[in-house]
Amino acid sequence: MVIREEQSSGFDAIRAVHLSAFPSANEADLVEALRRDGDAVISLVAMENDLVTGHVLFSRMRAPARALGLAPVAVLPAFRRQGVAARLIEAGLRMAAEQGWEMVFVLGDPAYYQRFGFGTGQARDFISPYAGEHFMVRALVADAPRAGNADYAAAFSRLS
Ligand SMILES: CC(C)(COP(=O)(O)OP(=O)(O)OC[C@H]1O[C@@H](n2cnc3c(N)ncnc32)[C@H](O)[C@@H]1OP(=O)(O)O)[C@@H](O)C(=O)NCCC(=O)NCCS
C-alpha cells in the first residue's frame with residue numbers, strides 16, 4: 001500500500017470510494033465542493049497497485065488558530081480493517097504539522113479517533129454546530145488555544 005497526495009486523474013476514483021462507503025452522495029459531493037472552493041488543504045489517497053482504496057481530506061477551518069477539519073475519510077469495503085484509514089490519518093496529521101497547522105478537529109467515534117491523539121475533553125470549550133460527544137480536537141503545537149469558535153469550511157453548511 002502506498003499513501004500519496006491526490007491527483008486530478010484520480011478524482012473519479014476518489015468519488016467512487018465515498019459512494020461505496022456512505023449511504024448517500026453527500027460526502028462525495030462535499031469533497032468536490034471543498035476542492036472547488038479552494039478549502040481542501042490535504043487530500044491523500046491509499047493506493048493498492050493502480051486502485052484507489054481509501055481517501056482522507058483535511059480542509060481549512062475558521063478557528064482561533066490555524067486549524068483543519070478531518071472529513072471525510074473512507075475506505076473501500078474490501079480493504080477495511082487493515083489499517084488503511086489509520087495510515088491515511090497518520091500521514092495527514094504528519095503533513096499538517098509539517099505545514100504549520102496548529103490543530104485538527106474531527107467529528108466521529110471517540111473510540112476510533114483517540115488512538116490518533118484526538119480528544120473530546122479538549123474540544124469541550126469550542127463553539128461549533130457539531131459540538132458534543134463526537135466532536136474532538138488534536139493540538140499539533142504545545143500552545144494551541146483551548147476555546148473559541150471552530151467553524152468548518154462553507155461547503156459543510158451546504159450539506160443537505
Ligand atoms: C471508518 C473507515 C474509514 C475505517 O477504515 P479502515 O481502513 O477499516 O480503518 P482501520 O483499519 O484503520 O481501523 C478500523 C478497525 O480495524 C482494526 N484494524 C486495523 N488494522 C487491523 C488488522 N490488521 N487486522 C484486524 N483489524 C485491524 C482497527 O483496530 C479498527 O477497529 P476498532 O475501531 O474496532 O478498533 C471505514 O470503515 C469506512 O470507510 N467506513 C464508512 C465511511 C465512514 O464511516 N467514515 C468515517 C466517518 S467520516
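The legends below describe close-up views of a predicted model.

In this predicted model, local features need pLDDT of at least 70 and side-chain atom pairs count only at pLDDT 80 or more, while totals for chains, interfaces and linings use all residues. Residues are numbered from 1 along each chain as its sequence is written, and side-chain values use heavy atoms, with hydrogens and water left out.

**View A. The buried residues of helix H1.** Helix H1 spans residues 11-21, and Ile14, Val17 and His18 are buried in it. Helices (H or I, at least four residues) and strands (E, at least two) are DSSP runs, numbered from the N terminus. Buried means under 20% relative accessible area, exposed means over 50%, and partly exposed lies in between (1.4 Å probe, protein chains only). Seen down the axis of H1, the buried residues fall within an arc of 90 degrees, so they line one face of the helix. The arc is taken from the directions that run from the helix axis to the C-beta atoms. These buried residues pack against helix H2 (26-37) and against strands S2 (40-48), S3 (51-60) and S4 (67-75). Contact here means heavy atoms within 4.5 Å.

**View B. The surroundings of the ligand.** The ligand is surrounded by 14 residues, and the closest are Val75, Arg81, Gly83, Ala85 and Tyr112. A residue is near a molecule or strand if one of its heavy atoms lies within 4 Å of it. Which distances separate oxygen atoms of the ligand from N or O atoms of valine 84, alanine 86 and tyrosine 112? For valine 84, a backbone N or O atom lies 3.4 Å from a ligand oxygen. For alanine 86, a backbone N or O atom lies 3.1 Å from a ligand oxygen. For tyrosine 112, an N or O atom in the side chain is 2.7 Å from a ligand oxygen. A polar contact is a pair of N or O atoms within 3.5 Å; within protein, one must be able to donate a hydrogen and the other to accept it, and residues adjacent in sequence count only if both atoms are side-chain atoms. On its own the ligand has 930 Å² of accessible area, of which the protein covers 60%. Accessible areas come from the Shrake-Rupley method with a 1.4 Å probe, and for residues only the protein chains shown count as cover.

**View C. Valine 84 in helix H3.** Valine 84 lies in helix H3, residues 84-98. Its relative accessible area is 4%, so valine 84 counts as buried. Not counting residues up to four places away in sequence, valine 84 touches Met1, Ala46, Thr53, Gly54, Val75 and Phe79. Histidine 55 is 29 residues from valine 84 in sequence, and the two are 9.1 Å apart in space, C-alpha to C-alpha.

**View D. Aromatic pairs.** The model has eight aromatic pairs. Rings of Phe, Tyr and Trp (its six-membered ring) pair if their centres lie within 6.5 Å; planes under 30 degrees apart count as stacked, over 60 as edge-to-face and the rest as tilted. One of the pairs is phenylalanine 105 with phenylalanine 126, which is edge-to-face at 5.1 Å centre to centre, with 85 degrees between the planes. Phenylalanine 105 lies in strand S5 (residues 103-107) and phenylalanine 126 in strand S6 (residues 126-127), so the pair ties together parts that are 21 residues apart in sequence. Phenylalanine 105 and phenylalanine 126 are both buried. Tyrosine 112 and tyrosine 113 also form an edge-to-face pair, at 5.3 Å centre to centre with 80 degrees between the planes. Tyrosine 112 is partly exposed at 24% relative accessible area, whereas tyrosine 113 is buried at 9% relative accessibility. Ring pairs link Tyr112, Tyr113, Phe116 and Phe118 into a cluster.

**View E. Serine 59 in strand S3.** Serine 59 lies in strand S3 and is buried, with a relative accessible area of 0%. Leaving aside neighbours within four places in sequence, its contacts include Leu34, Asp39, Val41, Leu68 and Phe156.

**View F. Backbone angles.** Most residues other than glycine have a negative phi, and most peptide bonds are trans. The peptide bond from alanine 71 to proline 72 is cis, with omega near -10 degrees, and proline 72 is in strand S4. Asparagine 49, in the loop between S2 and S3, has a positive phi near 55 degrees and is exposed at 71% relative accessibility. Arginine 81, in the loop between S4 and H3, has a positive phi of about 60 degrees and is exposed at 86% relative accessibility.
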